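Dear colleague,

Please find below the structure that I am handing over to you. My findings follow directly after it.

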Amino acid sequence: MTSSTVTSSTIAKAAKPLLEGLDGLVREPFSRRGFVMTGLVTGFTAATTVVQGQTISTDATGLEAGEVKIPTSDGMMPGYRAMPSGAGPFPVILVIEEIFGVHEYIKDTCRRLAKLGYCAVAPELFARQGDLTKMTDVQQIVRDVIAKKPDAEMLSDLDASVAWAAASSKGNIQKLGVTGFCRGGRGVWLYCAHNPALKAGVAWYGPLGGNRSDIQPKTAADVVGEIKAPVLGLYGAADTGIPVADVEKQRDAAKAAGKTVEIVIYPDTPHGFHADYRPSYRKAAADDGWTRMLAWFKTYGVV
């Protein structure tokens, strides 16, 4: 994916205007708070049923993989980074978590991407709002953590992760992509509307509607006309929380706005079909979506 003739200093010079462009992308004010989580979930989340026999486990052979600290304007945010052990530079993919935190499933997803030559970075975006290492009640997580994460803060944290990948993780952010699952899929839509440096995004069953609030003022449907990068949306027809009609409306709105968006809807497939640790996992759809994701990134320059 990279040329041995490209040096880190060359990338640093090329990335400088992109890094400078991240400054001030987020203009909405939001209150800063301390980090409640200083480390990541060990193993799998305790907040949902885990089907151990079907989970995918990717080893770290040939990789630099592990927990990292990402500088933000108000402290160090925990995260997970996996990348090849070579000299780099490597195209960067941000991996946006579900509501359950950066646990083993998200970490393994990063390692899968690293095995393909990417620098995959998964920031713990909810580290200020609550300690997901100790929470087991899904409704409590949604009410006390997810609903209290300002979108402006989320976008700022993702910007910080991009800057860190370029400065400290052999990342080539001229080849920048983003993918995310469930709530993270919503984050993909919002980040593609936010960061003009993105090459492409892939949203796995990301909610399109939902409640608006002062700190979460727009839905994914609200920003579809503002996206700045091609988006692939992967959805399940049997998802009880995201009606097929809403997914089709998102596709049609993107087309009307002249945006590059492709939507795939898998028949008889529930929400969370890529989450191999959960009962919702559907291997055929997950494998097909993964293949489509990689092709999407390759088509639009995240390679």
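Is Asp131 buried or exposed? Asp131 is buried, at 17% relative accessible area, where buried means under 20%, exposed over 50% and partly exposed in between, with a 1.4 Å probe and protein chains only.

Please note that this is a predicted model, in which local features need pLDDT of at least 70 and side-chain atom pairs count only at pLDDT 80 or more, while totals for chains, interfaces and linings use all residues. Residues are numbered from 1 along each chain as its sequence is written, and side-chain values use heavy atoms, with hydrogens and water left out.

Overall composition

The protein chain has 7 helices and 8 strands; these are DSSP runs numbered from the N terminus, helices being H or I with at least four residues and strands E with at least two. Of its 303 residues, 53% are buried. The chain exposes about 12300 Å², and carbon and sulfur atoms supply 52% of this area, as computed by the Shrake-Rupley method with a 1.4 Å probe, where for residues only the protein chains shown count as cover. Among contacts with a separation of 6 or more, 78% are between residues 24 or more positions apart, a contact being heavy atoms within 4.5 Å.

Salt bridges

Side chains of opposite charge can pair when their charged atoms come close. The structure holds 22 salt bridges, each defined as a side-chain nitrogen of Lys or Arg within 4 Å of a carboxyl oxygen of Asp or Glu.

Asp131 pairs with Lys134, with 3.8 Å between the closest N and O atoms. Lys134 is exposed, at 68% relative accessibility, whereas Asp131 is buried.

Glu104 and Arg111 also form a salt bridge, with their closest N and O atoms 2.5 Å apart. Arg111 counts as buried because its relative accessibility is 8%.

A further salt bridge joins Asp222 and Arg212 at 2.8 Å, N to O. This pair links distant parts of the chain, 10 residues apart, with both Asp222 and Arg212 in the loop between strand S6 (200–204) and strand S7 (231–236). Asp222 is partly exposed at 30% relative accessibility, and Arg212 is exposed at 53%.

Pocket and cavities

Both terms rest on a 1 Å grid over the protein atoms alone: a cavity is a set of points where a 1.4 Å probe fits but cannot get out, a pocket is an open set with protein on both sides within 12 Å along at least five of seven lines, and lining residues have an atom within 4 Å of a point. Grid points are joined across faces, edges and corners, and a volume is the space filled by probe spheres set on the points.

The largest pocket has a volume of about 650 Å³. Its lining comprises 27 residues, with Val142, Ile146, Arg183, Pro207 and Gly210 nearest the centre. Helix H3 (138–144) and helix H5 (183–194) are the elements that give two or more residues to this lining. By class, the lining has 11 nonpolar, 9 polar and 7 charged residues; Ala, Val, Leu, Ile, Met, Phe, Trp, Tyr, Cys and Pro count as nonpolar, Asp, Glu, Lys and Arg as charged, and the others, Gly among them, as polar.

There are 2 cavities of 30 Å³ or more, and the largest cavity has a volume of about 100 Å³. The largest cavity is lined by 13 residues, and Phe126, Lys149, Met154, Arg183 and Arg186 lie nearest its centre.
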